[in-house]
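Thanks, everyone. I will take one structure today and go through it feature by feature, with the criteria as they come up. Please have a look at it first.

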Amino acid sequence: KGQLVGGINHSCDPNCRVEQWVVAGYARLMVFAEGDISATEELTIDYHTVMPKNTPAKGRDDKDGNIVDCLCGSEICR
């Protein structure tokens, strides 16, 4: 049985990656650590690796269709 995740935020320099697997005929998203993560460190993924290919590189559209700038704070922030 899988674990519940409260939320994983975006970072342009993430500490996790997401892979899609098929388990018992059901599509599942699996989250894997990219290295050691401390108990107090936030889990992050790069949303651009799991969003549709037509998502703008600068950010994603909000509900009104405006491009939203990334505010992740990473040194390599796009």
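I start with charges: Arg-17, Glu-19 and Glu-34 are joined in a network of salt bridges. A salt bridge here is a side-chain nitrogen of Lys or Arg within 4 Å of a carboxyl oxygen of Asp or Glu.

Before the details, the ground rules. This is a predicted model, where local features need pLDDT of at least 70, side-chain atom pairs count only at pLDDT 80 or more, and totals for chains, interfaces and linings use all residues. Residues are numbered from 1 along each chain as its sequence is written, and side-chain values use heavy atoms, with hydrogens and water left out.

The structure has two salt bridges. In one of them, Arg-17 pairs with Glu-19, and the closest N and O atoms are 2.9 Å apart. Arg-17 also meets Glu-34 in a salt bridge, at 3.8 Å from N to O. That pair links distant parts of the chain, since Arg-17 sits in strand β2 and Glu-34 in the loop between β3 and β4, 17 residues apart.

How accessible are Arg-17, Glu-19 and Glu-34? Arg-17 is partly exposed at 33% relative accessible area, Glu-19 is partly exposed at 27%, and Glu-34 is partly exposed at 49%. The scale is as follows: buried is under 20% relative accessible area, exposed is over 50%, and partly exposed is in between, with a 1.4 Å probe and protein chains only.

Now the overall layout. The protein chain has zero helices and four strands, in the order β-β-β-β along the sequence. Helices (H or I, at least four residues) and strands (E, at least two) are DSSP runs, numbered from the N terminus. Of the 78 residues in the protein chain, 18% are buried. The chain exposes about 6,400 Å², with carbon and sulfur atoms supplying 51% of that area. Those areas come from the Shrake-Rupley method with a 1.4 Å probe; for residues, only the protein chains shown count as cover. Among contacts in the protein chain with a separation of 6 or more, 46% are between residues 24 or more positions apart. Contact means heavy atoms within 4.5 Å.

Next, aromatics. The structure holds one aromatic pair. Which rings form it, and how are they arranged? The rings are those of Trp-21 and Phe-32, with centres 5.7 Å apart and planes at 35 degrees, so the pair is tilted. By the criterion used, rings of Phe, Tyr and Trp (its six-membered ring) pair if their centres lie within 6.5 Å; planes under 30 degrees apart are stacked, over 60 edge-to-face, and the rest tilted. Trp-21 belongs to strand β2 and Phe-32 to strand β3, so the pair ties together parts that are eleven residues apart in sequence. Trp-21 is partly exposed at 39%, and Phe-32 is partly exposed at 26%.

On to the cysteines. How many disulfides does a search of the whole structure find? The search finds zero, where a disulfide is a pair of cysteine sulfur atoms within 2.5 Å. Cys-72 is in no disulfide, and its nearest cysteine sulfur, that of Cys-70, is 3.7 Å away. Cys-77 is likewise in no disulfide, with the sulfur of Cys-70 nearest at 3.5 Å. Cys-72 is partly exposed at 26%, and Cys-77 is partly exposed at 33%.

Is Ser-11 buried or exposed? Ser-11 counts as buried, at 9% relative accessibility. Leaving aside neighbours within four places in sequence, Ser-11 is in contact with Thr-44, Ile-45, Asp-46, Cys-72 and Ser-74.

Leu-43 lies in the loop between β3 (26-33) and β4 (44-45) and is partly exposed at 35%. Not counting residues up to four places away in sequence, Leu-43 touches Ile-8, Asn-9, Asn-15, Cys-16 and Ile-37. Leu-43 and Ile-8 are 35 residues apart in sequence, and their C-alpha atoms are 5.5 Å apart.

Last, a backbone item. Ala-24, in the loop between β2 and β3, has a phi near 50 degrees, a positive value in a residue other than glycine. Most residues other than glycine have a negative phi. Ala-24 counts as exposed, at 73% relative accessibility.
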